[in-house]
Amino acid sequence: MNLKKIIDLIENKEFEKGLIEVNKLLNIEENVELFNLRGIILNAQNKTNEALEAFNEALKKDPKNIAVYKNLIAILINQNDDEKLIECYKKLIKIDKKNTSYYNNLAIIYDRNNKKEKAIKTINQAIMIDNNSEISHINKGIILFNKDEKETHKESKESLLKALELNQKNLNALFILGKILYEVGEYDESIKYLDSHNTIHSKN
């Protein structure tokens, strides 16, 4: 099976030729790699529905294939299909329980769909796995602030300060903390963090 030839065609953006080669091989043998490549090509050709069908066929062959899930997720993000994205990230977490990026992404989706308690529970799971993850503490800070309660504003600040404890030059943490403090009227503190952000950013 000459997968390299198909990959080369994809890299050279010769999608129609690549699709012909994939379909030839699929007529001989149906497997996860070929369905995945078919999905990649169809997506590149803006044939989104057919690409989704190909990725779903790939997952029927191998329900634990992370590469296929990532390709499927890329389409679902463009479609703003949060319901299916939630399903995908839940499945990825079952496959790889230690990957904090899956918990982070799932928590963000829950948060934007106003499922605040699920968002907090999920981001806390990420932090339990890796308490030194700056992005997890930043996302927790954002989620807690979005809950829009006085007590969670305090916890939001603490979470962002934890991210800065891990890396005092984290630009995202500095900027978000500065914005949040401004929103709650802590203007002097806000300016301190925003100034630090601007100083570091100007040097990069």
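Colleague: What separates Glu21 and Lys24 in helix 2?

Modeller: About one helical turn, because the two are 3 residues apart in helix 2 (residues 15-28). A helix here is a DSSP run of H or I with at least four residues, numbered from the N terminus. This is a predicted model, where local features need pLDDT of at least 70, side-chain atom pairs count only at pLDDT 80 or more, and totals for chains, interfaces and linings use all residues. Residues are numbered from 1 along each chain as its sequence is written, and side-chain values use heavy atoms, without hydrogens and water.

Colleague: Why is the contact of Glu21 and Lys24 called a salt bridge?

Modeller: A salt bridge needs a side-chain nitrogen of Lys or Arg within 4 Å of a carboxyl oxygen of Asp or Glu. Glu21 and Lys24 have N to O at 3.6 Å, so the pair counts.

Colleague: What makes Glu21 buried or exposed?

Modeller: Buried means under 20% relative accessible area, exposed over 50%, partly exposed in between (1.4 Å probe, protein chains only). Glu21 has 18%, so Glu21 counts as buried. Lys24 has 47%, so Lys24 is partly exposed.
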